[in-house]
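This briefing goes through a few local features of one chain, grouped by topic. Please keep the sequence and the model in view while reading.

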Amino acid sequence: MEETPPSLLALTPYLLSRVGKTARGRIIERLSARELRLWHMAVLAALADFGPQAQRDLAARLRIDPSDVVKVLDELAAAGHVERARDPADRRRATVTLTAAGRTALADLIAETTAVREEVLAPLDEDERAVLHALLRRLFAHLHEGD
């Protein structure tokens with residue numbers, strides 16, 4: 001049996017990293033069963049939350065390389081989750097829109113992620129979960145100031 005060295009357990013960044021890696025792995029496993037990845041979920045969520053967007057704006061918002069966004073959007077379009085249309089005012093600009101199937105897929109992905117949350121946070125009660133979430137949001141805001 002392997003035991004984690006106590007000196008590592010005393011390091012908050014180490015704990016955050018390990019818990020995050022475990023949670024991410026479980027989410028990836030659930031999404032891949034649906035032949036989707038985290039980037040697919042991020043794109044669907046951005047479209048659901050912010051509405052139709054130019055492809056390049058979507059790439060900037062999610063900090064995804066534009067060439068990678070093209071691949072993700074190709075996959076989502078092939079599955080019927082998004083539609084792309086050329087802007088009549090600027091034929092170089094493609095606008096991406098979430099479809100009804102994309103909304104359904106996003107709801108399923110959120111349900112999968114919620115199930116992972118329940119697994120990972122099982123030892124915490126509701127108040128502890130709320131505090132943890134609030135603290136993580138603060139840290140996220142601090143680390144992504146100016147983004």
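The model is a predicted one.

**Helix α3**
- Helix α3 covers residues 38-50, which makes 13 residues.
- The buried residues of α3 are His-40, Met-41, Val-43, Leu-44, Ala-46 and Leu-47.
- An α-helix has 3.6 residues a turn, so residues three or four places apart point the same way.

**Strands β2 and β3**
- β2 is made up of residues 82-87, and β3 of residues 90-98.
- The two strands pair in the antiparallel sense, over 6 bridges.
- β2 and β3 form a hairpin, with 2 residues between them.
- Within this pairing, Glu-83 stands opposite Thr-97 in β3.

**His-81**
- His-81 sits in the loop between α5 (66-78) and β2.
- His-81 counts as buried because its relative accessibility is 12%, and the cut-off for buried is under 20%.
- The side chain of His-81 reaches the backbone oxygen of Ala-101 at 3.4 Å.
- Leaving aside residues up to four places away in sequence, His-81 touches Leu-44, Leu-76, Thr-97, Leu-98, Thr-99, Ala-101, Gly-102 and Ala-105.
- Among these contacts of His-81 is Leu-44, one of the buried residues of α3.
- Thr-97 is also touched by His-81, and Thr-97 is the residue of β3 that stands opposite Glu-83.

**Glu-118**
- Glu-118 belongs to helix α6, residues 100-120.
- Glu-118 has a relative accessibility of 33% and therefore counts as partly exposed.
- A polar contact of 2.8 Å joins the side chain of Glu-118 to the side chain of Arg-117.

**Asp-68**
- Asp-68 is found in helix α5.
- With a relative accessible area of 43%, Asp-68 is partly exposed.
- Asp-68 and Pro-52 are 16 residues apart along the chain, and their C-alpha atoms are separated by 19 Å.

Note on methods. Residues numbered from 1 in each chain as written. Predicted model: local features only at pLDDT ≥ 70, side-chain atom pairs only at ≥ 80, totals over all residues. Heavy atoms only, no water. Helix = DSSP H or I, 4+ residues; strand = E, 2+ residues; numbered from the N terminus. Buried < 20%, exposed > 50% of the residue type's maximum accessible area, 1.4 Å probe, protein only. Polar contact = N/O pair within 3.5 Å; in protein donor to acceptor, adjacent residues only side chain to side chain. Contact = heavy atoms within 4.5 Å. Pairing = 2+ DSSP bridges. Expected span 1.5 Å × (residues − 1).
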